[in-house]
Amino acid sequence: MLQILNFKYATKTAIAATFTSAIFMYFHYKNPQWAVMSTLLTMQSCANSECFESTLIAGFNRAVGATIGILI
């Protein structure tokens with residue numbers, strides 16, 4: 001059962017990283033690898049719990065942190 005959950009999580013993470021990379025490459029942004037790394041770090045928050053809410057909260061916290069860093 002644990003192997004199925006790990007495979008499911010790995011598949012979701014790979015799809016999210018690929019989708020992020022494709023978007024950034026389509027719009028010709030510089031350094032799309034940073035967006036992919038942010039996606040991977042955000043998806044990591046849901047690795048053990050398999051919960052959607054913790055991923056949303058982690059993503060929101062990263063966006064707020066980036067905004068504060070830009071303003072400073």
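**Aromatic residues and a helix contact**

Y26 is exposed, and F27 is exposed as well. Exposed here means over 50% relative accessible area, buried means under 20%, and partly exposed is in between, with a 1.4 Å probe and protein chains only.

First, the terms of the work. This is a predicted model, where local features need pLDDT of at least 70 and side-chain atom pairs count only at pLDDT 80 or more, while totals for chains, interfaces and linings use all residues. Residues are numbered from 1 along each chain as its sequence is written, and side-chain values use heavy atoms, with hydrogens and water left out.

Now the chain as a whole. What does its secondary structure come to? Three helices and zero strands, with the elements running α-α-α from the N terminus on. The chain has 72 residues, and 19% of them are buried. For contacts in the chain between residues at least 6 apart in sequence, 34% join residues at least 24 apart; contact means heavy atoms within 4.5 Å. The accessible surface of the chain is about 5,800 Å², and carbon and sulfur atoms hold 72% of that. Areas are Shrake-Rupley, with a 1.4 Å probe, and for residues only the protein chains shown count as cover.

Next, the aromatic residues. How many aromatic pairs are there? The count is three. F24 and Y29 form a pair that is tilted, because their ring centres are 5.1 Å apart and their planes meet at 50°. For the rule: rings of Phe, Tyr and Trp (its six-membered ring) pair if their centres lie within 6.5 Å, and planes under 30 degrees apart are stacked, over 60 edge-to-face, the rest tilted. F24 is partly exposed, at 28% relative accessibility, and Y29 is also partly exposed, with a relative accessible area of 48%. Y26 and F27 make an edge-to-face pair, with 5.0 Å from centre to centre and 85° between the planes. F24, Y26, F27 and Y29 belong to one aromatic cluster.

Which residues make the nonpolar patch of about 610 Å²? They are F19, I23, Y26, F27 and Y29. Patch residues have over 30% relative accessible area and no salt bridge, with nonpolar side chains (Val, Leu, Ile, Met, Phe, Trp, Tyr) joined within 5 Å and like charges within 9 Å; a salt bridge is a Lys or Arg side-chain nitrogen within 4 Å of an Asp or Glu carboxyl oxygen. F19 sits in helix α1, which covers residues 2–26, and F19 is exposed, at a relative accessible area of 56%.

Then the loop. H28 is in the loop between α1 and α2, the latter being residues 32–44. The phi angle of H28 is near 55°, which is a positive value in a residue other than glycine. H28 is exposed, since its relative accessibility is 69%. N31 is in the loop between α1 and α2 as well. For N31 too, phi is near 55°, positive in a residue other than glycine. N31 is partly exposed, with 44% relative accessible area.

A17 is in helix α1 and A35 is in helix α2. Setting aside residues up to four places away in sequence, A17 touches V36, T39 and L40. With the neighbours within four places left out, A35 is in contact with T20 and F24. This brings us back to F24, a member of the aromatic cluster.

T20 lies in helix α1 and counts as buried, at 14% relative accessibility. T20 touches A35, V36 and T39, again without residues up to four places away in sequence. The T20 side chain also reaches the backbone oxygen of A16, at 2.8 Å. The limit for a polar contact is a pair of N or O atoms within 3.5 Å; within protein, one must be able to donate a hydrogen and the other to accept it, and residues adjacent in sequence count only if both atoms are side-chain atoms.

Note on methods. Helix = DSSP H or I, 4+ residues; strand = E, 2+ residues; numbered from the N terminus.
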